[in-house]
Amino acid sequence: ASRVALDDVHAAFSRDKSHQRLYESIEVYTTFDEAREIWNDLCGLPCLSTPFQEFMFLENWQRSIGTYDQYKPLIVVIYDAAKNPLAILPFVTTSAFGLKVAEFAGGKHATFNMGMWRRAFAANITRKDLDHIFSDIRTLCKDIDLIVLQQQPRSWNGFENPLSLLPRQTSVNNCPRLTIADPSKPQLIVSNSFRRRLRSKEKKLESQGGYRHTIVKNSEELTRIMDAFFHIKPQRMALQKLPDTFSESKVRDFVMATCALGLDKSKLPIDIHALETDDEVLAIFTGVADGARFSMMYNTYTMSANARHSPGLILIRRIIDHYAQHNYRTIDLGVGDAEYKTLFCKDTEPLFDSFLGLSAIGKLAAPLFALRNRIKRQIKKYPALVGMLRGMECVFCKKLAAKSE
């Protein structure tokens, strides 16, 4: 671990000598083990973070995927004068286009990226404090060119994300969201007409032996449901002409180990839902359930003739009713604008990205990374822009390679 002293930081970076910082120092840790106790200390306080910043989730990702893909942990801890942790920024570093880039740990498996903040600190932090923090990081990590902070929620459970004070732009993907205003009125959550249509389909499934909604509670159920997931999901992805990432051993290991941790809710708040009969698993949805919000992670549904009865939609309706009965207020179905999500979700979770150049080359690259993401977002609306993106990426790579030389 490395530490930046208050006086050294002010001497090197402070532009506003009159600004009283809300923190004393930062330290940077390069393994999850080093940060474990600090993480646990912070978790014991009123905190602002999403479930995707749980220590065991990110440590498991690093062990299964991060190390394999040559990501290196860079965990930034912010302290007060008494050496109490105020916040953790769970970064990893990687190489991209000849640059050393820091980004949130968790990769594509974390639906939402965020720091872990003590609420009192998060409520009072200013843009100047953030400028100091990232200046400190620049001092400690002189080899980092660029910090890429993507897919961040503007707020979480009613609290503003402190990093939204940084320069930002809308993320590439949207996240459809369902807000449950009154759990006692299910017809306001999913309309009666839609319920009737789904009920008509469900009757055809109910005629098959052993039809049931399973919420996984033990290792035997976990093995049965996840074996079905890993069998069906690659076929679904092939049908959509998508790369089959779930056949990679590193991904399978991460998903299976993470879901297994979810059997003990004190370790990780993951729920696994399935619709099944005695003969087959019809649909599977997994997600984090933190007591107030359910956030979808992985899902798939049968390739058999039963697919025509919409088991995936039926399972979503059951999931929504389940969490409404447990007084949840928000459900999201993950990032991306798939049509089935809009059948249930009428709101959108505001997500943003920030690109912060630290080195000279990083400052040149930051607007190019930002432009690349803006074009990707437009492609979602206008597929004809695909060719433009490919051409831009070629120019992008050539410019960065030239600058690196």
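This report covers the nonpolar cores and the salt bridges of a predicted model.

## Basis

The model is predicted: local features need pLDDT of at least 70 and side-chain atom pairs count only at pLDDT 80 or more, while totals for chains, interfaces and linings use all residues. Residues are numbered from 1 along each chain as its sequence is written, and side-chain values use heavy atoms, with hydrogens and water left out.

## Nonpolar cores

A nonpolar core is a set of buried Ala, Val, Leu, Ile, Met, Phe, Trp, Tyr and Cys residues joined through side-chain atoms within 4.5 Å. Buried means under 20% relative accessible area, exposed means over 50%, and partly exposed is in between (1.4 Å probe, protein chains only). The largest nonpolar core has 79 residues, and Trp117, Phe134, Ile137 and Leu163 have the most contacts inside it. Helix H8 (residues 219–239) gives the most to this core, with 7 residues. Helices (H or I, at least four residues) and strands (E, at least two) are DSSP runs, numbered from the N terminus.

Contact means heavy atoms within 4.5 Å. Leaving out residues up to four places away in sequence, Trp117 touches several residues, among them Pro46, Cys47, Leu48, Leu86, Ile125 and Leu163.

## Salt bridges

The structure holds 23 salt bridges. A salt bridge is a side-chain nitrogen of Lys or Arg within 4 Å of a carboxyl oxygen of Asp or Glu.

One of them joins Arg36 and Asp33, with the closest N and O atoms 2.7 Å apart. The two residues are separated by about one helical turn because they are 3 residues apart in helix H2 (residues 32–43). Arg36 is partly exposed, at 30% relative accessible area, whereas Asp33 is exposed, at 54%.

## Bridges between buried residues

Asp321 and Arg195 form a salt bridge at 2.8 Å, N to O. Asp321 lies in helix H10 (residues 311–325) and Arg195 in helix H7 (residues 192–206), so the pair ties together parts 126 residues apart in sequence. Asp321 is buried, with a relative accessible area of 13%, and Arg195 is buried, with 16%. Both belong to a network of salt bridges that also links Arg199, Glu202, Glu206, Arg317 and Arg318.

Arg293 forms a salt bridge with Asp332, the closest N and O atoms being 3.0 Å apart. Arg293 is in strand E16 (residues 293–301) and Asp332 in strand E17 (residues 330–332), so this pair ties together parts 39 residues apart in sequence. Arg293 counts as buried at 5% relative accessibility, and Asp332 counts as buried at 0%.
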